[in-house]
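User: Can you walk me through this one? Keep it simple, please.
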Amino acid sequence: MQPVPGPAFAGQPAPAPTHPGQPISAPAHPAQPTSAPVHPTSAPAHPGQPVAAPTYPGQPISGPAYPGQATAGPALPGQPAPGQAYPGGAVGGTGRRRRLPVVALVLAGVLAVVAGVQAYQIHRLDDRLAATDRRLADAQGADGSRLDGLEKRAEALEKQAGSAFNPEAVATAVLPSVFRVSAGQFTGTAFAIGKPPSGGGTMLLTNFHVVESVYDGGGRKVFLERTGQRFDATIVKVDKDKDLAQLRTTARFTGLVAARTPVKSGQQIVVVGAPLGLQDSVTTGVVSAFRPDEGGSGPVIQFDAPINPGNSGGPVINGSKEVVGIATAKARDAEGIGLAVPIKTACDTFTLC
């Protein structure tokens with residue numbers, strides 16, 4: 001440590017330099033005060049305490065620094081003072097205000113990109129939905145076509161099933177419209193036909209020879225019997241040559257439907273009647289032939305279904321539950337030869353069907 005020169009007093013020569021090469025301050029003139037104020041220099045009060053170095057012209061004076069404490073010296077030329085902004089630097093709020101437009105532009109760009117991506121995704125989604133709608137429409141069209149095809153096949157199968165011969169179904173549909181006729185001492189069969197007449201009741205058909213004894217005797221009243229019930233009926237019209245008679249009753253029954261097409265050989269048929277007074281008898285067979293008019297009595301249907309006395313006047317039914325004829329007679333001393341009057345002959349004669 002360099003010793004610090006003590007203060008100079010008037011008339012006291014300046015101390016000699018302690019080291020070679022150190023400038024010697026000129027002694028002050030007598031009675032001339034020294035340029036520095038007469039104050040005792042602050043010598044170190046305690047060993048190890050920092051001492052302020054003498055100042056030279058133009059040398060910055062730094063305050064005593066404690067160990068570890070930074071001294072704030074004067075700013076060097078060209079060095080910014082504390083708190084001074086560097087050239088081109090923004091200070092405080094001015095910098096933040098300048099950054100706000102940039103941030104806004106960046107956010108706007110991000111939002112634009114997000115909006116564009118969403119618009120693209122929506123467009124793609126619309127395309128996918130449109131494609132899905134087209135596929136659904138095509139599938140529905142194909143399903144509709146298949147459904148139409150299935151419906152047509154079902155209708156065809158129903159027609160085939162309807163055309164299939166089912167004696168049980170025929171008998172079930174026909175029996176409620178078929179009656180045993182009691183005319184004096186004779187019995188036979190009659191059946192309801194067509195729509196109800198305007199005055200109410202039901203129209204029926206039978207053979208003339210079933211009611212012949214009553215009609216020839218001047219009577220017109222006969223009885224219809226079914227399942228233990230008895231109904232009054234009146235003979236309305238007869239055709240002796242064609243062996244037909246029309247009856248009417250005040251009771252209401254379901255009329256059977258007359259076939260519109262003539263029978264053909266080999267066609268299956270059901271005959272319903274009351275042979276020997278036995279109600280609701282059913283026999284089956286086929287049409288053997290259609291015989292033309294012989295002897296002026298009109299054409300007849302030949303069939304092989306068994307019939308007996310009492311079947312006269314009963315309906316001959318095809319597989320569609322339609323009446324094709326009226327059972328009339330059977331060949332004597334032969335089997336499997338029955339005869340029926342075509343239903344068209346009866347409908348034309350009495351204008352019923």
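This is a predicted model: local features need pLDDT of at least 70, side-chain atom pairs count only at pLDDT 80 or more; totals for chains, interfaces and linings use all residues.
User: How many bridges join strand β3 to strand β6?
Analyst: 5 bridges join β3 (residues 202-206) and β6 (residues 244-249), and the two strands run antiparallel. Strands here are DSSP runs of E with at least two residues, helices are runs of H or I with at least four, and both are numbered from the N terminus. Two strands pair if DSSP finds at least two bridges between them.
User: And which residue in β6 is the bridge partner of T202?
Analyst: T249 is.
User: In what order do the strands close into a barrel?
Analyst: 6 strands close up in the order β1-β2-β3-β6-β5-β4, with antiparallel pairing.
User: New topic. Which residues of helix α2 are buried?
Analyst: In α2 (residues 167-174), V170, A171 and V174 are buried. Buried means under 20% relative accessible area, exposed over 50%, and partly exposed in between (1.4 Å probe, protein chains only).
User: Why are they on the same side of α2?
Analyst: Because they cover an arc of only 95 degrees around the axis. The arc is taken from the directions from the helix axis to the C-beta atoms.
User: What does the face turned away carry?
Analyst: The exposed residues E168 and T172.
User: Which strands do the buried residues of α2 pack against?
Analyst: β1 (178-183), β8 (268-273), β9 (281-291) and β11 (315-318). Contact means heavy atoms within 4.5 Å.

Note on methods:
Residues are numbered from 1 along each chain as its sequence is written. Side-chain values use heavy atoms; hydrogens and water are left out.
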